[in-house]
Amino acid sequence: MDDEKTLDHLSEFIKKNPELGFSIEDYTIKVDLKKKIAGLPSKGSKSDVSKIAKKYSKKALEEKKPMMSYLKTKDFDIDEIKKTALVFLDDLIRSLSDPRSTENEEDNKIKIEEINKYIDIINLKPKVFRQIISAELVNDFEWLISLAERSEADPLLMINLGSTYIQPFAEELRRLVDTEFREEWFRKECPVCGRKTTVGKLIDRKRYFVCNFCSTEYRVPLLICNYCDNSDQHELAFYSIKGLNNLHIDFCKKCSHYMKMIDEDKTDEHIPSGLEDIFTLKLDIIAQKQDLIRDI
Ligand SMILES: [Zn+2]
Ligand SMILES: [Zn+2]
């Protein structure tokens, strides 16, 4: 689904569910930046994405390592990505300081301050931007958080912007991998980007996890905890949700972690791709009331 349609679905959902308190503004910033990066040749990478998909899918399956783990920063056009990001952030600051957007003047001031701190960090040393992309490729969020904290900058902005630089590439890779690759994976982490997730689907009585980052749907064992690998059926259970028969919560009695599940076999109502985690936020509230723990 294209990003504009995703935004339409999201704003409609937020209007219907104001109690969730989800802010569409930060999401919109990510979508706008993503569009710019997606417009770069080969989605910001240096070679044709289909060649990369072909080169690594078999290897990834054999070695049980996510495809993105084979890529290094030298495979990306770092200078172009950085240039695009800086132009985007400059434009963003300009629109936030527009006197016509007085409605959230105070909030905008804080946002501008945070964006300026971020720009200073990526401009301070020539290697920093490359290191950010490198950390995103191996999902080293701790390093990104510490980079932000050292400059008293916003860690969430650091992670969000950083992931957006490689997201269009990851999504393109997902479009290009074949069904067999996704069906034979059987691991908790995404086979394309290696990230963990919070949401899954039941399709034809088979269990899939859905990556919140690149939207890959990949097959996982029917009975396994998404956190501790426990596969003892007596220690795994689920909550059904009153009034929502297409949704349930899988949880593990051993470690108390949970996974939100969408039962595609029980509904005609389709949750738009890329919005599975947000459209099931209600389940997080229910699960956490039961003292269950969300992994990420
Ligand atoms: Zn992924
Ligand atoms: Zn567990």
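Two strands are taken to pair if DSSP finds at least two bridges between them; helices (H or I, at least four residues) and strands (E, at least two) are DSSP runs numbered from the N terminus. The model is predicted: local features need pLDDT of at least 70, side-chain atom pairs count only at pLDDT 80 or more, and totals for chains, interfaces and linings use all residues. Residues are numbered from 1 along each chain as its sequence is written, chains are lettered from A and ligands numbered from 1 in the order in which they are written, and side-chain values use heavy atoms, with hydrogens and water left out.

View 1. I241 stands opposite L244 in β5. The antiparallel pairing of β4 with strand β5 (residues 244-252) comprises six bridges.

**View 2. The six-stranded open sheet.** The strand order is β3-β2-β1-β6-β5-β4, with mixed pairing. Because β3 (217-220) and β4 (236-241) stand at the edges with a single partner strand each, one side of each has no neighbour in the sheet. On average, neighbouring strands of this sheet are turned by 35 degrees against each other, direction ignored; axes are lines fitted to C-alpha atoms, for helices over the stretch in contact, and angles between N-to-C directions run from 0 to 180 degrees.

View 3. Six of the six residues of β6 are buried, where buried means under 20% relative accessible area, exposed over 50% and partly exposed in between (1.4 Å probe, protein chains only). Y258, K260 and I262 point one way from β6, while M259, M261 and D263 point the other way. Strand β1 (residues 199-203) pairs with β6 in the parallel sense over four bridges, and L202 has D263 as its bridge partner in β6. β5 and β6 run antiparallel and are joined by five bridges; here K260 is the bridge partner of I249. The hairpin of β5 and β6 has five residues between the strands, and S256 in this hairpin takes a positive phi near 70 degrees.

**View 4. Helix α11 over the sheet.** Helix α11 (residues 281-289) lies across β4, β5 and β6 (258-263) and runs at about 140 degrees to β6.

View 5. The buried residues of α1 are D3, T6, L7, L10, F13 and I14. Seen down the helix axis, these buried residues fall within an arc of 130 degrees, so they line one face of α1; the arc is that of the directions from the helix axis to the C-beta atoms. The buried residues of α1 pack against α2 (24-38) and α10 (276-279), contact meaning heavy atoms within 4.5 Å. Exposed K15 and K16 are carried on the face of α1 turned away from its buried side.
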